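Here are my notes from a read-through of this one. Have it open in your viewer while you go down the list.

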Amino acid sequence: MTGNDSRLDSEYVRSQLRVYFIMGSVNCRRPAAAVLEEAIAGGVTIFQFREKGPGALTGEDKFNLARELQRICRAHGVLFIVNDDIDLAIALNADGVHVGQDDEPARVLREQLGGGKIIGVSAHTPEEVRQAIADGADYLGIGPVYPTASKDDARPVQGTILISDLRREGITIPIVGIGGITADNASPVLAAGADGISVISAIAGAEHPQAAAAAFARLAAR
Ligand SMILES: C=C1C=NC(C(F)(F)F)=NC1=N
């Protein structure tokens, strides 16, 4: 039994971040469960359920889809993370949550979620990074690295500069880059010092999600 505020080993978290697939029903061209099965077969290492935007499911439909996608992740040993919806994460005993700057700080969430859960925080500036680390985040989502169509209120595109600045300053917290990442532009994100790349439409919107995921897995292999 883990204590209410116990944290997973940082190196374990880092190892799981290589190919971070994020999606909800609105991102998929075909049923989300089929897309997730393909993405996992292609080699994604961690999944985030992010049911957001016009047409997103709510209530019981959202809960049922989340539970179906969690079942698929568990069947393949892939971590299942919930975006923003803490109550849903608790109800499903998800492996963790990912929150933005306008959500509760990581230390509060850790109490609510119980021990042994992963808490990821979006950070866009050095100040947000410092605060998230102080609050006990397990990893940071930094971006948008490139222009993105997946988030209509994205912050200004920043390239890989903040990622490389943090590593140059010796900040070692696990980091994933996010925002407009494709197989053609993923390598500079890893070269800048990110431990993984996170992807929505390049996999969810692909004609063949398994092949798309496999391309990222090849790029992200150590
Ligand atoms: C806005 C987001 C920023 N980063 C990430 C992650 F890739 F998981 F770190 N997920 C999000 N939903």
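Predicted model: local features only at pLDDT ≥ 70, side-chain atom pairs only at ≥ 80, totals over all residues.

1. Every angle and accessibility quoted here is computed from it.

2. Start with helix 2 (residues 32-42) and helix 3 (residues 59-75), which pack at about 20° with their axes 10 Å apart. That puts the pair in the roughly parallel class, because angles under 35 degrees count as such. As for handedness, helix 2 and helix 3 cross in the right-handed sense.

3. Who makes that contact? From helix 2 come Ala-32, Ala-33, Leu-36, Glu-37 and Ile-40, and from helix 3 Leu-65, Glu-68, Leu-69, Ile-72 and Cys-73. By type, the contact of helix 2 with helix 3 has eight nonpolar residues, two charged and no polar ones.

4. Helix 2 has other neighbours too. Its buried residues are Ala-32, Ala-33, Val-35, Leu-36, Ala-39, Ile-40 and Gly-42. These pack against strand 1, strand 2, helix 3, helix 9 (201-204) and helix 10 (209-220). Just past the end of helix 2, Gly-43 has a positive phi of about 120°.

5. Now the strands. Strand 1 (residues 19-23) runs parallel to its partner, strand 2, and the pairing extends over four bridges.

6. Which way do the residues of strand 2 (residues 46-49) point? Ile-46 and Gln-48 go one way, Phe-47 and Phe-49 the other, and all of them are buried. Side chains in a regular strand alternate between the two faces of the sheet.

7. On to the backbone. Most residues other than glycine have a negative phi, and most peptide bonds are trans. Asp-84 is a non-glycine residue with a positive phi, near 65°. You'll find Asp-84 in the loop between strand 3 (79-83) and helix 4 (86-92). With a relative accessible area of 23%, Asp-84 is partly exposed, because buried would require a value under 20%.

8. Asn-93 is also worth a look: its phi is positive, about 50°, although it is not a glycine. Asn-93 belongs to the loop between helix 4 and strand 4 (96-99). Its relative accessibility is 43%, so Asn-93 counts as partly exposed.

9. Last, a peptide bond to check. Going from Gly-143 to Pro-144, the bond is cis, with omega near 5°. Pro-144 is in the loop between strand 6 (139-142) and helix 7 (161-168).

Key: Residues numbered from 1 in each chain as written. Heavy atoms only, no water. Axes fitted to C-alpha atoms, helices over the stretch in contact; angles between N-to-C directions. Helix = DSSP H or I, 4+ residues; strand = E, 2+ residues; numbered from the N terminus. Parallel < 35°, antiparallel > 145°, perpendicular 65-115°, else oblique. Left-handed = near helix turned anticlockwise from the far one by under 90°. Contact = heavy atoms within 4.5 Å. Nonpolar A, V, L, I, M, F, W, Y, C, P; charged D, E, K, R; others polar. Buried < 20%, exposed > 50% of the residue type's maximum accessible area, 1.4 Å probe, protein only. Pairing = 2+ DSSP bridges.
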